[in-house]
Amino acid sequence: MNFLELITAAMPILSVLIFLVILRMPATVAMPLSFAVTAVLAYFVWDMPLINLTASAVEGVFVTLTVLFIIFGAILLLNTLTHGGALAVIREGFMNISEDMRVQVIIVAWCFGGFIEGAAGFGTPAAIAAPLLLALGFPPLAAVVVALIADSTPVAFGAVGTTFNVGIRQGLDETSPVFMNYLTEQGMDISGFLQAIAMRLTQIDIFIGTFIPLILVLMITRVFGKNKSFKEGFQMAPFAIFAGLTYTIPAALVATFVGYEFPSLLGALVSLIVVVLAAQKGFLMPKGEPWCKFGPSEYVKKEIRAEEEQEASGHTLTLAKAWVPYILIAVLLVLTRVIKPLQRWLQGISISWSDILGTGISQNWQILYSPGFIFLLVVAITVVLHEIPRNKMKRAFSEAAGSMVGTAIALAFSTAMVRIFLNSGIEGAALQSMPTELAELASNVFGGAWPIAAPFIGTLGAFVSGSATFSNMMFSSLQFDVASVNGFAPDLIIALQAIGSAAGNMICVSNVVAVSAVVGVLGKEGQIIRLALIPNLFYVILSGIIAMLIAMVII
């Protein structure tokens, strides 16, 4: 690649950083500009045919519809629970566990969000956790930032091991003689290799993921708290680190003795139960008054008004009844992912667009398997169960629909830009796809110190594509090849790829826009990425250093 080609390949990343993060433009402006610059450079510099550019943009719009379906369902569920008074009841229930908002952020974002990630993926955890935090009185921007940061460690395995079963497995080249010879030498098959990667990943994550709850607490006390205090955050350090260990240790045990499908799901479930019980008992809690440094938000006031209206009408909700919608979501997500015949049936009903404009580009929307469908199903059940009046549901629906315009613009252009980036490798062209060229350039520069660079490649893939699974699919084969050439253990390097892709989930544009839309803070995407970038760098840099030390011992 020459310099202009390098700039073109990096433009989807550079444009987001320049327009969103540095110039602080709203996503509704930044993403159309990023798309335009990327498309022009792809055509004139990368020699990407106009028909392929157009097909990629069309594919981006198709993908956007699938994401908007999830976002609309999440917003409608939030509005339904708000206008029906359920969120006010849930808020009071959390107060009975702990009035300390440092504890609440750990339980909601880390424990409950991690469980939803293990069951569903698709960015669903942050879209559920952020509104719950909003209901508890967290400022909207704080709710989005901590929900995104928390949705990282469990993403390494994703929904029932999707990042491994689909991402890494499909990303590895099983036709490669080098790869097959390696498996033969190690006396394992592809499943055994994936198991080795999972074990290595969870071993590293004990030293990184364990600290994510503490980072969440420090974020709310230092960045969003009234006193801007690190001290108030570190007061909760013993409990926060304990909460981290209640996930990372069970996840490591599950990865070692059960498999790579369930570390996130079972690890987060254990963490949720143990952390709630510990909070109720005051275990490892700091002495003094509970930390509650946010004033009552307009959102909380709206919840309270809705609850008062419910009481005035003679219809009140119990805590158990208020929680039914979230319990239903969790149960339905798990069942549709674990019961294989049901999963295959739901996945078999889809809307497909094959060979778009004759380019070979195709997309498939499994509409009944989408979390968006489950959200809408639960909304329908909630209306009946909570006896929500028609006028309140009309209000909830109109508010949800009205919030989608800006989201649709930002997502459509960002997704179209990503598809150009991913589809840029044209058969017979002088250059491979943009992400492949960037990764190979990095391997040439950092070969001997590749454990430091490997997680950055994973983060790059997730940041641009919006998917840890897709990042693993793009780069697992390259990570294996670089590891083999430079004498590193392939399972270690691919584990770093998976760790990096999970960390990239915090800052990827599609997730940021989606969660911002659910909570109602569109226009602040650049600020969100800047704040989430700090823990992202902590994650990838520390994992690289730990892996480098491990590699020195192994070699």
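Reply: The account below begins with a pair of helices and then turns to individual residues.

This is a predicted model, in which local features need pLDDT of at least 70 and side-chain atom pairs count only at pLDDT 80 or more, while totals for chains, interfaces and linings use all residues. Residues are numbered from 1 along each chain as its sequence is written, and side-chain values use heavy atoms, with hydrogens and water left out.

The pair consists of helix 1 (residues 3–22) and helix 22 (residues 450–465), whose axes come within 10 Å and cross at roughly 70 degrees. Helices here are DSSP runs of H or I with at least four residues, strands are runs of E with at least two, and both are numbered from the N terminus. An axis is a line fitted to C-alpha atoms, for helices over the stretch in contact, and angles between N-to-C directions run from 0 to 180 degrees. Helix 1 and helix 22 are therefore roughly perpendicular to each other; angles of 65 to 115 degrees count as such, those under 35 as roughly parallel, those over 145 as roughly antiparallel and the rest as oblique. Helix 1 contributes Pro 12, Ile 13 and Val 16 to the contact, and helix 22 contributes Leu 460, Phe 463 and Val 464. By class, this contact has 6 nonpolar, no polar and no charged residues. The nonpolar class holds Ala, Val, Leu, Ile, Met, Phe, Trp, Tyr, Cys and Pro, the charged class Asp, Glu, Lys and Arg, and the polar class the others, Gly among them.

Another residue of the chain, Ala 42, lies in helix 2 (residues 27–44). With a relative accessibility of 0%, Ala 42 counts as buried, a term for values under 20%, whereas exposed means over 50% and partly exposed in between (1.4 Å probe, protein chains only). Leaving aside residues up to four places away in sequence, Ala 42 touches Thr 8, Asp 47, Met 48, Leu 53, Ile 420 and Met 434, where contact means heavy atoms within 4.5 Å. Between the C-alpha atoms of Ala 42 and Ala 150, 108 residues apart along the chain, the separation is 35 Å.

Ala 88, in helix 4 (residues 86–97), is also buried, at a relative accessible area of 4%. The C-alpha atoms of Ala 88 and Leu 317 are 9.8 Å apart, although 229 residues separate them along the chain.

The cysteines come next. The structure holds 0 disulfides, a disulfide being a pair of cysteine sulfur atoms within 2.5 Å. For Cys 111, the nearest cysteine sulfur is that of Cys 292, 19 Å away, which is too far for a bond. Cys 111 is buried at 1% relative accessibility, and Cys 292 is partly exposed at 44%.

Two loop residues can be described through the backbone angle phi. Most residues other than glycine have a negative phi. Lys 228, in the loop between helix 11 (212–224) and helix 12 (231–234), has a positive phi near 50 degrees and is partly exposed at 43% relative accessibility. Asp 355, in the loop between strand 1 (351–353) and strand 2 (363–365), has a positive phi near 50 degrees and is partly exposed, with a relative accessible area of 40%.
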